[in-house]
Amino acid sequence: MQIFDILVVGGGTAGMTCALVASQNGAKVLVVEKTAQIGGTLHITAGHLSAGGTQRQKSWGIEDSPELHFQDIRRINQDSGDMDLIRLACEEAPKTIDWLDRLGFEFADDSPKILYGHVPYQIPRTHFGKNLGKSILKVILPLFEKQVADGAITLALNQTFLDLILDNNQGQGIITKNTQSIENQLVTNKYYARKIVLASGGYAGNHSFFAQKHPDLSRLITTASPHSLGEGIQVTEKYGAIFHKAENHISTMGGIELNPQSGVSDFWANWAKMSNSVDRKAYEIYVNEEGKRFLDENEANPDIRERALAHQPNRRCWVILDEEILQTAGSIVYQWNIEQFKTEAQKGRAVWQAESLAELATKIGVLPNNLLTTIENYNQAVDNQLDIEFKRVFLPAKIQKPPFYAVLTYAFSLISFGGLKVNSELKVVRQNGQTFENLYAIGEILGAGATSGNAFCGGMLLTPALSLGRYLGKKLADEVL
Ligand SMILES: Cc1cc2nc3c(=O)[nH]c(=O)nc-3n(C[C@H](O)[C@H](O)[C@H](O)COP(=O)(O)OP(=O)(O)OC[C@H]3O[C@@H](n4cnc5c(N)ncnc54)[C@H](O)[C@@H]3O)c2cc1C
């Protein structure tokens, strides 16, 4: 029976980084990955990394530090995360960026900068590459592949983590299922190691698990990886691991469910421009299921916008506009031009069009009188340049020229907020307060509610996944050798 030094479950952002660094420091590492490829969410992430005190910042004359980053996060999330974990992640973050820098990471020309999609940091500390998450993959993947070729990392692809093998409550091994097993012919494998690292990601792709963990929320609309199913959490919970911070859940605005009832939206193909009003002023209005407005559509604070939508029935709203607004402001969906928008309106899946507002209301299932009153009030506000109810000041055009359009948008999840509780050594904590001695967790399996809190702190998923991956890889290699 082969016993590896370190077994990493999940070859994504955190797992591949951990395995890479552990193997570079001399450990014999096994990576078990359920898909046929390595990289996980790095293939689709936007790739925004946050760090204070990087060489890149210094070369631009930007004064910053891990402490300033940490304090800025405290301001944004009001101490709602796992603050010890956040402190560790902030301390490791500039080392991660400098490491990527040394590896030849291609920064975008305007990186680092202050971004406004989430509540902005006070200092330009969001670093990103020329090609989103793929810029990160571009520098890490060849190094990882070299370690595999040299035999320092053993890679077991198409292996789904099913169970833990525990000996006196010590994490000793795992059982996996061959993902390519033919139905009813389950092929399982057992792997053993001195240390086990769970890095199998979040659960934002798992509708039933999301419903179980968030019973108060309406159904999940996800843009996460379909492989983010929370399997690592489910297995570990069976043995008494603590799942926490789910109450910190918040979601993003503008998800479009093109295939009704699929519960899926595509972040890169159909996302409405509603997440912030800084990059694009809203000419449209948003109405809920009652046909009523519920916020200043140009509210600049993304947190206020996102929470306003989260309080609407079924966490959804329609963006309402007319032909003139469409021609003036352009398509509300990032990836569609006006022509594509009109094609979708013909299909009536998530966008509808009608010659009158009453007809539009009927098509989308909103009481016609309510929608008519809302538009009447809004048009009056435009005439008077005074929006008494929501104090909107950007009132450029009435909604009056047919055809009229409605776009159904949802609060959606890219990431999951609940996760496994770990101690300061990143060991998984049990309900009885003890830890599983040789079982560790890193990455989104810890939950955004821990590393970001009850707020979207820019970069506080991806950066901790990479940073804690590097940190733990080095630490465990030192311990086993
Ligand atoms: C569209 C999008 C944009 C984002 N943009 C940003 C951003 O700009 N900044 C930011 O900070 N965060 C962002 N995030 C979040 C961030 O990218 C992720 O939280 C992070 O990459 C997760 O890393 P991870 O290693 O925990 O999980 P992953 O990278 O998802 O890796 C997990 C791996 O485990 C494998 N796995 C899962 N279950 C099993 C199992 N049972 N057995 C074996 N293997 C398994 C998966 O196949 C996968 O390869 C974004 C997320 C999305 C979806």
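Around the ligand stand 43 residues, and the nearest of them are Gly10, Gly12, Gly40, Gly201 and Gly443. Three elements each supply two or more residues to this shell: α1 (13–24), β6 (159–167) and α14 (462–480). The model is a predicted one. The make-up of the ligand shell is set out below.

| Class in the ligand shell | Residues |
|---|---|
| Nonpolar | 18 residues |
| Polar | 21 residues |

**Domains**

The protein chain splits into two domains. Domain 1 covers 3–203 + 415–480, and domain 2 covers 253–412. Their C-alpha centres are 37 Å apart. Contact between them involves five residues of domain 1 and seven residues of domain 2. On the domain 1 side, the touching residues comprise three nonpolar, two polar and no charged.

**Core**

The largest nonpolar core holds 129 residues. Leu7, Val197, Val407 and Ile442 have the most contacts inside this core. In soluble globular proteins, nonpolar side chains tend to be buried together.

Ile442 deserves a separate entry. Which residues does Ile442 touch, leaving aside those up to four places away in sequence? Its partners are Ala14, Cys18, Val197, Ala199, Leu426, Ala465, Leu468, Gly469 and Leu472. One of these partners, Val197, is also among the residues with the most contacts inside the core.

Methods: Residues are numbered from 1 along each chain as its sequence is written. This is a predicted model: local features need pLDDT of at least 70, side-chain atom pairs count only at pLDDT 80 or more; totals for chains, interfaces and linings use all residues. A nonpolar core is a set of buried Ala, Val, Leu, Ile, Met, Phe, Trp, Tyr and Cys residues joined through C-beta atoms within 7 Å. A residue is buried if 20 or more other C-beta atoms lie within 10 Å of its own, exposed if 12 or fewer, and partly exposed in between; C-beta atoms are placed from the backbone. Two residues are in contact if their C-beta atoms, placed from the backbone, lie within 7 Å. A residue is near a molecule or strand if its C-beta atom, placed from the backbone, lies within 6 Å of it. Helices (H or I, at least four residues) and strands (E, at least two) are DSSP runs, numbered from the N terminus. Ala, Val, Leu, Ile, Met, Phe, Trp, Tyr, Cys and Pro count as nonpolar, Asp, Glu, Lys and Arg as charged, and the others, Gly among them, as polar. Domain bounds come from an automatic or database domain assignment.
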